[in-house]
Every structure is written in structure tokens, then in C-alpha cells.
Amino acid sequence: DYDDPYPTDSTNTPVPGITLQGVIASDEIWSGLVVLIDTVSVDAGAHLTIVPGTYVRLPGGSSIQIGGTATIEGTASQPIYFDNKDAQPWTSLVFSNSTSNSLIRYAHISGGDTCVTIDHASPVIESSVITGCARVAIENSQYSSAILRNNQLSGNQSAITIQDASPRIENNLIINNAGTGVALSGYEGTPQLRYNTLDYNSGAGIEFAPDYNGAAELEANLITRNGIGWSGGESALSAYNNVWGNGADYLNGAPEDLSLSGDPYYLDPMPITGDRHLAIDSPATTAGPNGDELGAYGNGGAPASALYSPDFNTTPTLSGVVTSHERWSGDIELSDAVSVEWPGRLVIDPGTVIRMPAGAYLHIGGGGLLEAVGTADAPITFEASGETAWGGLAFTSQGANSLIRYAHISGGDTCVT
């Protein structure tokens with residue numbers, strides 16, 4: 001999903017002035033390719049600057065812990081990248097202990113366990129993409145008060161957690177995550193969620209823990225096509241939200257917001273390849289508190305969707321597990337069962353013919369997602385490769401929100417489960 005100028009096996013020779021493990025005790029600037037050896041900690045009083053176009057690779061289990069301050073500022077054309085050095089998730093980019101002047105802008109962060117942790121801190125994170133995080137994209141805890149705006153959080157296990165924290169979360173695209181969009185817990189905090197689009201998350205769009213006792217405010221959000229729209233949180237203040245098209249719109253005492261409940265008419269409603277701008281005739285374009293647009297593009301929002309365009313592998317997995325983005329087209333004959341699991345995403349183009357061997361299933365689960373959308377003139381075909389029935393298409397709860405349209409499915413034992 002980005003043009004990496006450095007081969008994946010690149011290493012860098014330690015450069016004077018760049019700390020690759022241990023403690024940064026004075027101001028430091030990173031640029032180019034920075035391949036860490038182990039955890040790096042920025043001491044209180046020290047400042048880390050990362051310049052546009054820098055690639056930071058972290059080994060499994062390592063983290064960058066910012067107890068001082070950091071300016072991680074790329075540009076739209078030269079974002080800063082954080083990703084894996086090896087096959088294991090790195091731990092986290094941690095802001096702690098009052099790093100109130102820290103900034104992440106125009107960054108692409110992927111491959112961590114909890115990609116960003118905010119604890120007793122208030123950084124600004126904006127115009128960035130966070131994807132492929134094994135547990136959660138951004139964790140807000142312990143009296144933190146971050147500003148999170150104009151980001152895209154996509155393809156993570158879960159997107160945002162809030163515990164006893166007061167983040168301001170505005171104009172974010174929170175889409176296609178395997179678990180929850182935003183999960184809130186604890187007894188304190190005044191989080192504000194305004195003008196966000198929470199769409200096609202397999203868990204809940206918004207989920208409050210049963211014992212939540214904070215004072216959350218939710219306004220002008222689009223909460224659509226999630227496994228559950230809004231769960232719990234009857235004490236939350238809610239206005240001008242559009243909760244629509246979810247497996248269940250409201251659950252567990254959620255405060256039903258009757259401002260609007262209808263199709264927002266996304267410009268392209270596809271789950272994986274879609275465009276969450278609103279069509280010109282959408283009722284949500286004037287449903288906000290000031291007669292303005294709901295969702296991530298309302299109130300002047302400009303989420304960082306242009307920074308993220310999934311790189312689809314066009315060589316199909318013929319047996320086993322799909323764990324990356326794949327796009328299938330033409331005639332495809334599988335050799336055995338195929339399972340699509342997180343972070344796997346499978347797009348099947350119109351006119352594709354998929355032939356399945358005897359007894360084999362195409363299983364969508366484990367947080368995987370399928371977008372199989374044909375046309376009336378070019379439907380997608382699923383059929384047996386021989387005379388014996390194949391197993392069928394199987395969807396589990398962890399494969400929620402997949403979409404099949406204009407398809408011809410035949411020759412299976414149980415064609416769809």
C-alpha cells in the first residue's frame with residue numbers, strides 16, 4: 001500500500017547521532033531508513049524529530065517510548081512510515097507522562113500490537129493512516145487527552161480504545177476493522193467524538209463497557225453497517241448521529257438518537273474499495289447541528305484516505321489462508337479449501353469464475369472480509385471443478401459485513417453457510 005524505496009531486507013549501519021536502541025537523552029533527528037535494534041526511549045527533556053520521508057522499522061517486541069516530546073511530521077507526498085522489521089509485531093509507539101507538545105502528522109503506522117499508546121499524555125495525531133495493528137490502533141488511557149483528527153484507521157483488530165481518558169476524536173474514517181470501532185470503559189473522562197465515519201467494522205461501531213461511567217459526547221457521526229451500531233452507554237450525550245444498517249443498530253441500553261436513521265448514500269458503498277464521501281443527494285449532507293454534513297468529511301474534515309490505497313496481490317491463494325489483500329479475476333481453480341482471515345481482504349472482480357474442488361470451502365472468518373460484487377452482465381460464478389460437490393461459502397461471526405452481489409453459486413453441498 002506504499003512504494004517502499006528500501007528492500008525489505010535492508011539494514012542500516014549505525015549513524016552517529018541516531019540511537020537504534022536504548023535512551024535518547026538529548027535532542028535527536030531521524031531521517032532516511034532507520035532500522036531499530038531494540039526499544040528506544042526518549043527521556044523527559046529530550047526531543048525527537050523525524051523528518052518527512054523517513055522509514056522506521058521496529059523489531060518484534062520493541063517499542064518507541066516517548067517520555068519527552070516528539071515531532072513526527074511528514075507531508076502528503078512524503079509521509080513517515082513505521083512498520084515491521086521482521087514477522088513479529090512490534091509493541092507500540094508510546095506517549096507517556098505529559099508529552100503535551102508531541103505531534104504525529106502525515107504518518108503511516110502499521111504492524112504493531114498496539115500501534116499507539118497514550119498514557120497521561122496529550123499528543124496530536126492527525127492526517128495519518130494506522131492499519132494492520134494486531135490488537136488496537138490507538139489506546140487512550142489514564143487521564144490522557146489526545147487530539148485525534150483527520151485519520152484513517154482501517155484493517156486493525158480494533159481501532160480506538162478509551163479508558164478513563166478524554167480524547168477529542170474528530171473527522172476520522174474508522175472502517176473495516178475486525179473488532180470494535182471505538183470502545184469506551186472506566187469511570188472518568190469526557191471523550192468527544194464528532195464528525196467521524198464508523199463503517200463496516202465487524203464488531204460494534206461504538207461500544208461502552210457495562211460499568212462505563214464517564215461523560216462521553218457523540219455528535220454528527222455516521223455509524224453504519226457495523227456488526228452492532230451502538231452498544232451500551234445510556235449516560236452518553238448524543239445528538240445528530242446517523243445510526244443505520246448495522247446488524248443491530250442499538251443494543252444494551254444505548255441512547256437511541258432519533259435525529260436521523262437512513263442510508264447515508266456513500267459515493268461508493270463497497271466495503272473494501274468504497275468511497276465514504278457522501279453523494280450529492282444524501283440526506284446526511286444537511287443533517288448536522290449547523291445544517292452541515294455528517295461524518296468524516298463534515299465540518300471541514302479531510303481524513304487521510306489519499307495516503308492509503310491497499311496494494312492488492314493479484315496472484316490468488318489456491319489453498320490455505322489469505323492474510324493479505326488479494327484481488328481475484330478471470331478463471332480460478334482452487335486446489336483445496338481457502339480461508340480469508342484478518343488482516344486478509346479479498347476482492348473478486350465481475351465476471352470471475354471460481355471452481356472449487358470436492359468438499360472444499362471458501363471460508364470468511366477470523367476478521368477477514370470478502371467483497372464479491374459482479375454486475376448483471378458479468379456475474380461472479382462459484383461452481384464445482386468436477387462432478388463432486390464442493391463444500392460451500394462459509395461465513396462466521398468474525399467474517400461479518402462481507403458482501404456478495406450479482407453472483408451465481410452452484411454445485412456446493414451447502415452453497416452458503
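How many aromatic pairs does the structure hold?

Reply: In this predicted model, the structure holds four aromatic pairs. One of them joins Tyr-55 and Tyr-81, whose rings are stacked, with 4.7 Å from centre to centre and 25° between the planes. Tyr-55 belongs to strand β6 (residues 55-58) and Tyr-81 to strand β9 (residues 80-84), so this pair ties together parts that are 26 residues apart in sequence. Tyr-55 is buried, at a relative accessible area of 7%, and Tyr-81 also counts as buried, at 8% relative accessibility.

A further pair is formed by Trp-230 and Tyr-250; because the ring centres are 6.4 Å apart and the planes stand at 35°, this pair is tilted. Trp-230 is in strand β28 (residues 228-231) and Tyr-250 in strand β31 (residues 250-251), so parts that are 20 residues apart in sequence are tied together here. Both Trp-230 and Tyr-250 are buried. Ring pairs also bring these two residues into a cluster with Phe-208 and Tyr-212.

Trp-230 leads on to the nonpolar core. In general, nonpolar side chains of soluble globular proteins tend to be buried together. The largest nonpolar core here has 58 residues, and the members that touch the most others are Trp-30, Phe-82, Leu-93, Ile-109, Ile-206 and Trp-230. Strand β13 (residues 114-119) gives the largest share of this core, three residues.

Two of those members can be followed through their contacts. Leu-93, found in strand β10 (residues 92-96), counts as buried at 1% relative accessibility. Leaving aside residues up to four places away in sequence, Leu-93 touches Ile-64, Ile-66, Ile-72, Phe-82, Ile-104 and Ile-109, together with Thr-114, Cys-115, Val-116 and Thr-117.

Cys-115, one of the residues touched by Leu-93, takes part in a disulfide with Cys-133, at an S to S distance of 2.1 Å. The link of Cys-115 and Cys-133 is left-handed, with -105° about the S-S bond. Distant parts of the chain are linked by this pair: Cys-115 is in strand β13, while Cys-133 is in the loop between β15 (129-131) and β16 (136-141), 18 residues apart. Cys-115 counts as buried at 0% relative accessibility, and Cys-133 likewise at 0%. A search of the whole structure finds one disulfide. Cys-415, by contrast, counts as partly exposed, at 26% relative accessibility.

Elsewhere, an aromatic ring meets a charge: the charged end of Arg-327 sits over the ring of Phe-312, 5.4 Å from the ring centre.

Strand β37 (residues 338-340) runs parallel to β40 and is joined to it by three bridges, and Val-338 stands opposite Leu-362. Four bridges join β40 to strand β43 (residues 392-395), again in parallel, and there Leu-362 stands opposite Leu-393.

Note on methods:
Residues are numbered from 1 along each chain as its sequence is written. This is a predicted model: local features need pLDDT of at least 70, side-chain atom pairs count only at pLDDT 80 or more; totals for chains, interfaces and linings use all residues. Side-chain values use heavy atoms; hydrogens and water are left out. Rings of Phe, Tyr and Trp (its six-membered ring) pair if their centres lie within 6.5 Å; planes under 30 degrees apart count as stacked, over 60 as edge-to-face and the rest as tilted. Helices (H or I, at least four residues) and strands (E, at least two) are DSSP runs, numbered from the N terminus. Buried means under 20% relative accessible area, exposed over 50%, partly exposed in between (1.4 Å probe, protein chains only). A charge sits over a ring if NZ of Lys or CZ of Arg is within 6 Å of the ring centre and within 35 degrees of the ring normal. Two strands pair if DSSP finds at least two bridges between them. Contact means heavy atoms within 4.5 Å. A nonpolar core is a set of buried Ala, Val, Leu, Ile, Met, Phe, Trp, Tyr and Cys residues joined through side-chain atoms within 4.5 Å. A disulfide is a pair of cysteine sulfur atoms within 2.5 Å.
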